[in-house]
Amino acid sequence: MDSVARIRRTMAFQACDRPPVIAQVFAHAALACGRSVDAYVASGVVAAACQIEARARYGYDAVFAVLDLTLEAEAAGGEVQSRRGVYPAVARPPLAPDDDFRRLTIPDPRTAGRLPMALEMATCLRDACGDEALVVGLVQGPMTLAVQFLGIEKALFLAADDPDRFLQLLDYTAAVGKAFGLAQLAAGAHLVLVFEPAACPEVVPPGLFREMIGPRLKWLFGAFTKAGAIGNWLHIAGKTGAVLPHYVALGADIGNFDYCVDPEALLEALGDSRLCLDGNIKSLSFVTDSAADVEREARQLLNVFDRRGGFILSSGCEIPPESQEATIAAMVRTALAWKSGQSEV
Amino acid sequence: MPPELESLVQALTEGEREQSLRIVADLVSGGMPSVDIITGGIEKAMAALDKKCTAEQFNLLEIMLAGRAVMAVIRRLFPDDAALPAVRGNVVVAVLEGDIHDIGKAILKIVLTGNRFHVIDCGKDVSVAAVISAAAQCGAAAVCVSGLISSVIPQVRALKPALARAGLAHVRVLAGGAALKQCTVAALNVDHVGQTAFDAVAYLESMTPAVVCHG
């Protein structure tokens, strides 16, 4: 069974040869292949080669057409600061609170900033992997882009002080994400992960999520489905127990859950929801813990979800670039050796 | 508690900046000393926020709105950066080199100030040496570092030895933020890992007065 078939079946809660395992590895792929983070974020071709080599080494089920998280801000006119050995950062946000958000131009993914590099990366990955591995694109969600495009304090104060204008901003950022996501699908991605950490209940109240962010996520997912995505993946880090049960209604097929969400409590909260879950080994465990620790945590997770199905073994968030190879290998090895129905008492 | 102070506590916890300022103006014109407004209004509001800051009720937006209202009141009562009365101690806050995410530090700064700590803000992407220098200069009781990315961990681990080398072994080191709060005290070689800003303040308040007021 190839990885794409395995993930399709898992999303549909159908039996598989083994549970899928996805290491959320971006620049770690570069370090694992003897390249630098700087080289990784500067070239879609180099980054794709690193992703392919890292997957060949570890044997997980997906590769990511992801460079870093400043692409949209850079394409929208923000200033991005390169920093040796770590991911670039947004030094100057592209927007100001007084801007007319209804009159902004959507960056063209074929020409703006480094967006074309991400598309090139998606194409390289799909050409190399076909359906052997899931090719995952990524856009940042409307709330996360709003925070990045204005700065977090200005964005949150605008949400509270002038909700109507904040909605205009969310409409703009959702449109930016839609254009970039559709281009990634056209370039070869099987699906587009929507990364939306700023929508976490630890950042915004549930009402704001429900009324302002949720409808725009639904709109995004609808567009991706229409464009042929094999599924929709919503990734919100942090304590998301209160919002995860709503993901299916937004159009998400896969929901990431972070290390701070208790798997047993989540299962109870989800009831008979058909949300495929992805998680939740603590990201830092891959840096600081032993391979045996990670293997133990992986086995516990596989046990918890063995009967329910609809589970992809993964980390709670990105696996940090400086992670130990042995810990990632331990997570993958555990899933590869797992036989459905072998749950341990 | 006088009803006006109760109203102030409510307005502050709800993040109502303008209403808070109106109440404070009434209190001041009625003759209430600024220090009483701080202890009876702002500190009570911070305590109420601390209570609210439980696992499922906390969210950054509400804390930021409350923090904005608190800082507006403090600036009204003590304009031009005048020192707060009866400061509990000096605390250095920083985001270490390589990390530029400083919202956690901004929240911590507000919560510390609202609880009568004097905050020396070193900024973001700063070296361990700059933090040690600031701690020495102000006679800090504690250094608080916030980190969103795990690559700063080696620098966090280096803080206590660097403080000791500078003759500042008594200065407590606290860590927090999305990446650092996943670690143990031992793994970071710090005195305390705070899950929230309020948690860090509770630790500082639990220290003996002699340590808090050092310097």
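These questions and answers walk through a predicted model.

Me: In what order do the eight strands of the open sheet in chain A stand?
Reply: The pairing in this sheet is parallel. Strand 1 (21-22) and strand 2 (62-64) of chain A stand at its edges. The order is 1-10-9-8-7-6-5-2.

Me: Why is one side of strand 1 and of strand 2 of chain A left without a neighbour in the sheet?
Reply: Strand 1 and strand 2 of chain A stand at the edges of the sheet. One side of each is left without a neighbour because each has a single partner strand.

Me: Which residue in strand 10 of chain A stands opposite D278(A)?
Reply: Strand 9 of chain A covers residues 276-281, and strand 10 of chain A covers residues 311-315. The two run parallel and are joined by five bridges. Opposite D278(A) stands I312(A).

Me: Is strand 5 of chain A largely enclosed or left open by the rest of the structure?
Reply: Strand 5 of chain A spans residues 134-140. L134(A), V136(A), L138(A) and Q140(A) point one way, while V135(A), G137(A) and V139(A) point the other way, and all are buried. Seven of the seven residues are buried, so strand 5 is largely enclosed.

Me: Which residue of strand 5 of chain A is the bridge partner of V63(A)?
Reply: Strand 2 of chain A pairs with strand 5 of chain A over three bridges. The sense is parallel. The partner of V63(A) is V135(A).

Me: Which residue in strand 6 of chain A stands opposite V136(A)?
Reply: Strand 6 of chain A covers residues 191-195. Five bridges pair strand 6 with strand 5 of chain A in the parallel sense. The residue opposite V136(A) is L191(A).

Me: Which element of chain A gives the most to the side that touches chain B?
Reply: The contact takes 20 residues from chain A and 18 residues from chain B. On the side of chain A, strand 4 (86-92), helix 8 (152-161) and helix 13 (285-288) each supply at least two residues. With five residues, the most comes from helix 8.

Me: How many residues on the side of chain A that touches chain B are nonpolar?
Reply: By class, this side has one polar residue.

Me: What radius of gyration does chain B have?
Reply: Chain B has ten helices and five strands. Its C-alpha atoms fill a box of roughly 50 × 35 × 30 Å along the principal axes. With 215 residues, a compact globule would have a radius of gyration near 17 Å. Chain B agrees with that, at 17 Å.

Me: Among contacts in chain B between residues at least 6 apart in sequence, what percentage join residues at least 24 apart?
Reply: Buried residues make up 47% of the 215 residues in chain B. For the contacts in question, the share joining residues at least 24 apart is 75%.

Me: How many residues does helix 4 of chain B give to the side of domain 1 that touches domain 2?
Reply: Chain B is divided into domain 1 (3-83) and domain 2 (90-212), with C-alpha centres 25 Å apart. The contact takes 13 residues from domain 1 and nine residues from domain 2. On the side of domain 1, helix 3 (34-52) and helix 4 of chain B give two or more residues. The largest share comes from helix 4, with six residues.

Me: Is R76(B) buried or partly exposed?
Reply: R76(B) sits in helix 4 (residues 60-77) of chain B. Beyond its neighbours within four places in sequence, R76(B) is in contact with L21(B) and V24(B). A buried residue needs 20 or more other C-beta atoms within 10 Å. R76(B) has 15, so it is partly exposed.

Me: Which residues touch the most other members of the largest nonpolar core?
Reply: This core has 205 residues. Its largest share, twelve residues, comes from helix 9 (residues 163-187) of chain A. Both domain 1 and domain 2 of chain B give residues to the core, so it lies between them. The most other members are touched by M331(A) and V143(B).

Notes: Residues are numbered from 1 along each chain as its sequence is written. Chains are lettered from A and ligands numbered from 1 in the order in which they are written. This is a predicted model: local features need pLDDT of at least 70, side-chain atom pairs count only at pLDDT 80 or more; totals for chains, interfaces and linings use all residues. Two strands pair if DSSP finds at least two bridges between them. Helices (H or I, at least four residues) and strands (E, at least two) are DSSP runs, numbered from the N terminus. A residue is buried if 20 or more other C-beta atoms lie within 10 Å of its own, exposed if 12 or fewer, and partly exposed in between; C-beta atoms are placed from the backbone. Two residues are in contact if their C-beta atoms, placed from the backbone, lie within 7 Å. Ala, Val, Leu, Ile, Met, Phe, Trp, Tyr, Cys and Pro count as nonpolar, Asp, Glu, Lys and Arg as charged, and the others, Gly among them, as polar. Domain bounds come from an automatic or database domain assignment. The radius of gyration is taken over C-alpha atoms; the globule rule is 2.2 Å times the number of residues to the power 0.38. A nonpolar core is a set of buried Ala, Val, Leu, Ile, Met, Phe, Trp, Tyr and Cys residues joined through C-beta atoms within 7 Å.
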